[in-house]
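Me: I'm new to this structure and would like to learn how to read its features. Could you walk me through a few of them?

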Amino acid sequence: MTPGSRGFVAAIVAAQVLVQIGAFTLPALLPDYLAAWALSATEAGWLIGIFYAAYVLVVPVLVALTDRLPARRIYLAGAGLTALSHLGFATIAEGFWSGLALRALAGIGWAGCYMPGLKAIADPLSGDAQSRAVSWHAAGVGIAGTASFATAGAFAALGGPAAAFLFGAAAGGGAVLIALIIMPDTRPAPVAGPPRALLDFRPVFRNRRAMAWIAGYAVHTWELAALRAWGVTFLAIAATRNAPPFWVPGPTVLITAIGLICIAVSITGNETAQRYGRQRVVTWAMSVAAVLSLLTGWMVGLSFWLALLLVLAWNAAIYLDSSALTAGTVQAAGPGLRGATMGLHSMVGYAGGFLGPLGVGMALDLAGEDAVVGWGLGFAHLAVVTLAGLAVLRLLGRDPARPAA
């Protein structure tokens, strides 16, 4: 199996699915942990968000190293730490602080897997083949993240929360095995010119096209992480307050079903972007997502069905530009700077992923007993963030040689 072949791409995507399948076990089981550990909403936001914060701290080093070291070595370390974090959550976590440390370890593990795995796929390819491989990678990661909600709910129903985390640990071990067998242990080709400092992102900051997509990805992740962190809890409360029929599946199953629908939306979004223009599609998707974030939270006390419908529509709008944003960054990267560009892409994007869940949690605590106001404001803050990011994307993505319309 040669790098760049369809089998190689499929194997790396499979490894990413396995290493990601336990990533959202905690958000899926968050209503249980809120009660069992007596967590405030802000503390819950920290537990979800610290995954992204830890990722941000280490991803620039790990991904920039892929310009110098075999991606395989970094990936193996990341997958191993992911499995270890899930194992620890199943066996030794007993409250906020131990949970926080293990969630941070999971974030470090994902930093060693996400972009290094994507780089292993992207490097041997170019043009449309590269863009489509990136899209399938994003779809695989999305499928795994989506499936993790229903999977966690099923394993927790059978053996409690520990069983769900043990499954995540086993899946991470499977990713380690695939990487050992499939990924080549070869160093990247040296780049002509003087050596560049490992964490020198100045050439990336000077790349306006790359920075435009990075800005868009930052607010995309901010919004997506917030909805993933709190989606199950939001639907659970909406169901408690509005009593849907008995045959309606539980929130973990509903969130999984929504996510699976949105995987097709993500792939369609990248194909649509290639046909009609990446910036046009991203602009439309982000604008719709901003409107939906203003509306969704208020439905918690009004109608379960409206709450569910808006969560579905909002997810679809977010997923529409997911692979298009990442593919834009990959294709805008300068020669010899793909690893550094993707590292900055992840670092800035996942900083938003830390702030999104925390922002919703703080709004819920500030609202106190008024859950409707808390959810309304918690989700509405994402509209401001999304529109600000869209403005930056359009400003940086504008051709300076072309006069403004």
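Me: Where is Ala-38 placed?

Reply: Keep in mind that this is a predicted model. Ala-38 sits in the loop between helix 3 (30-36) and helix 4.

Me: What is there to read in the phi of Ala-38?

Reply: Start with the general idea: most residues other than glycine have a negative phi. Ala-38 has a positive value, near 50°.

Me: Is Ala-38 buried or exposed?

Reply: Over 50% relative accessible area is what exposed takes. Ala-38 is exposed because its relative accessible area is 62%.

Me: Which features does Ala-243 have?

Reply: Ala-243 has a positive phi of about 50°, although it is not a glycine. You'll find Ala-243 in the loop between helix 11 and helix 12. With 60% relative accessibility, Ala-243 counts as exposed.

Me: Now the spaces inside. How many cavities of 30 Å³ or more does the structure hold?

Reply: A cavity is a space where a probe fits but cannot get out. The structure holds 6 of them at 30 Å³ or more. The largest cavity has a volume of about 330 Å³. It is lined by 25 residues, and the closest to its centre are Tyr-114, Val-141, Leu-224, Arg-228 and Ser-322.

Me: What supplies the lining of the largest cavity?

Reply: At least two residues each come from helix 4 (41-65), helix 7 (114-122), helix 8 (127-159), helix 11 and helix 15 (322-332). Helix 11 has the largest share, 6 residues. By class, the lining of the largest cavity has 15 nonpolar, 9 polar and 1 charged.

Me: And what lines the second largest cavity?

Reply: The second largest cavity holds about 100 Å³ of space. Its lining residues include Thr-146, Phe-149, Leu-224, Arg-228 and Tyr-319. Helix 11 gives the most to this lining, with 4 residues. The classes here are 6 nonpolar, 4 polar and 1 charged.

Me: What about the second largest pocket: which residues line it?

Reply: A pocket, unlike a cavity, is an open set of points. The second largest pocket has a volume of about 250 Å³. Among its lining residues are Leu-34, Leu-39, Trp-230, Asp-365 and Trp-375. Two or more residues come from each of helix 11 (208-242), helix 16 (338-367) and helix 17 (371-397). Helix 11 gives the most to the lining of this pocket, with 3 residues. As for classes, the lining of the second largest pocket has 8 nonpolar, 3 polar and 1 charged residues.

Notes: Residues are numbered from 1 along each chain as its sequence is written. This is a predicted model: local features need pLDDT of at least 70, side-chain atom pairs count only at pLDDT 80 or more; totals for chains, interfaces and linings use all residues. Side-chain values use heavy atoms; hydrogens and water are left out. On a 1 Å grid over the protein atoms alone, a cavity is a set of points where a 1.4 Å probe fits but cannot get out, and a pocket is an open set with protein on both sides within 12 Å along at least five of seven lines; lining residues have an atom within 4 Å of a point. Grid points are joined across faces, edges and corners, and a volume is the space filled by probe spheres set on the points. Ala, Val, Leu, Ile, Met, Phe, Trp, Tyr, Cys and Pro count as nonpolar, Asp, Glu, Lys and Arg as charged, and the others, Gly among them, as polar. Buried means under 20% relative accessible area, exposed over 50%, partly exposed in between (1.4 Å probe, protein chains only).
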